[in-house]
Amino acid sequence: MSGTRIRPERLKELTLLLLIVVTVIAFWLLVDNYLSARFVNRVTQGVAITAVLAAGQSLVILTRNIDLSIGSIAGVSAYVTGDILGNHGGTNSVVAVLIAVGIGALLGLINGVIVAYGRIPSIIVTLGTLAIYRTWLISFGDARTITADSLPSWVVDLPRSTVVSFGDYELRTMFLLAVVVVVALQFVLGWLRAGRMLYAVGSNAEAARQAGLPERRITVVAFVACGALAGLGGFLFLARFGTITVTAGRGLELEAIAAAVVGGVSTLGGSGTVVGALFGAALIGLLDQSLGRVPEVSEFMRDAVLGILILLAVVVDGVITNRLTARRPIIAADSGPPTLLATGASP
């Protein structure tokens, strides 16, 4: 019977879906014309950026690390890419995206090398690089603002680009791109050896080393992937807002961490899914936009709700982890998070 139990990750995802449904119903009863097409489109556009960043953050958290510089990386990628497009309007769209992703990957590589080979806690490293990357951007930007009219039309039109419409409701390209990224990453984590190695390192780094896994390289790869996704998120940020300054991306690190943690990615490493992070981003984006339509709720109250969500997610994760630890002999046959043996690194 243990094999028929719902895995903890699936349980967290189902719980999030239920919370999303309850949130929609509650605000639908409170706010007139709540589920308008304009509101839904605005939510999905915001969720697209947060979900991409949260997916990258999830990869790092799975290795029992954290990247506080992800907002600065997104800001640098957005601004530098926007500057290049403003000066070279004929730049191909694929090349522009690759530039943003490449910038993010490079900055993520710096984080990963320092953390993995310098053996410095990631929270300290990325807190430092958060300030360094932002300071460099301020120096590079020299108080210049990138305006939408300086960008190619295809960038400005991207947020309104639609894949399919259902009456007034539209499935926007940006949101579909975020879903594709999440699905691809979930496939890698769940079905490929590289993903299982990531879980193994986060579960027990010392045991991973003893089993012959390249623990340091895996950590670096996680940070590089996180940076690359932050670069992609920065490009989406540029497309959505058009007019940006050197403060672009500030605060996105909190949203990305919150979405990942609320989505069930364990801060202790080795457990969680990027699909859960997508659901976490959806819940946070939905609450943020919904509370904005309630006059009695201030901006500070919306930030407090985000903080409460993070605390609740950590508490719930701790409770579930403790229960699973106490019942480990019973559920050993369950197909839970991958172990070292599942990676194929040991016989």
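Which residues of helix H5 are buried? Before I answer, some ground rules. This is a predicted model, in which local features need pLDDT of at least 70 and side-chain atom pairs count only at pLDDT 80 or more, while totals for chains, interfaces and linings use all residues. Residues are numbered from 1 along each chain as its sequence is written, and side-chain values use heavy atoms, with hydrogens and water left out.

Now H5. Its buried residues are Ser-122, Val-125, Thr-126, Thr-129, Tyr-133, Arg-134, Leu-137 and Gly-141. They sit on the same side of H5, because they cover an arc of only 155 degrees around the axis. Buried means under 20% relative accessible area, exposed over 50%, and partly exposed in between, with a 1.4 Å probe and protein chains only. The arc is taken from the directions from the helix axis to the C-beta atoms.

The face turned away from the buried side of H5 carries the exposed residues Ile-124, Leu-127, Ile-132, Thr-135 and Ser-139. The cover over the buried residues of H5 includes H3, helix H4 (93-118) and helix H10 (215-241). Helices here are DSSP runs of H or I with at least four residues, strands are runs of E with at least two, and both are numbered from the N terminus.

As for length, H5 runs over residues 122-141, which is 20 residues, and reaches 27 Å from its first C-alpha to its last, close to the 28 Å expected at 1.5 Å a residue. The expected span is 1.5 Å times one less than the number of residues. Helix H12 (residues 274-291) agrees with its expectation too: 18 residues should span 26 Å, and the end C-alpha atoms are 25 Å apart. H12 is largely enclosed by the rest of the structure, because 14 of its 18 residues are buried.

Next, the loops at either end of H5. Arg-119 is in the loop between H4 and H5. Its phi is near 55 degrees, a positive value in a residue other than glycine, and Arg-119 is partly exposed at a relative accessible area of 41%. Following H5 comes Asp-142, with a positive phi near 50 degrees. Asp-142 lies in the loop between H5 and helix H6 (153-157) and counts as exposed at 60% relative accessibility.

Is Thr-63, in another loop, buried or exposed? Thr-63 is found between H2 and helix H3 (70-87), and it is buried, with a relative accessible area of 5%. Its side chain reaches the backbone oxygen of Val-60 at 2.6 Å. Neighbours within four places in sequence aside, Thr-63 is in contact (heavy atoms within 4.5 Å) with Leu-198, Gly-202 and Ala-222.

Then the core. The largest nonpolar core has 91 residues, and Leu-53 and Ile-244 have the most contacts inside it. Such a core is a set of buried Ala, Val, Leu, Ile, Met, Phe, Trp, Tyr and Cys residues joined through side-chain atoms within 4.5 Å. Helix H2 (residues 37-62) gives the most to this core, with 14 residues. With neighbours within four places again left aside, Ile-244 is in contact with Ala-78, Tyr-79, Thr-145, Ile-146, Phe-237 and Leu-238.

To finish, the overall figures. The protein has 14 helices and 2 strands, and 48% of its 347 residues are buried.

Definitions and conventions: Polar contact = N/O pair within 3.5 Å; in protein donor to acceptor, adjacent residues only side chain to side chain.
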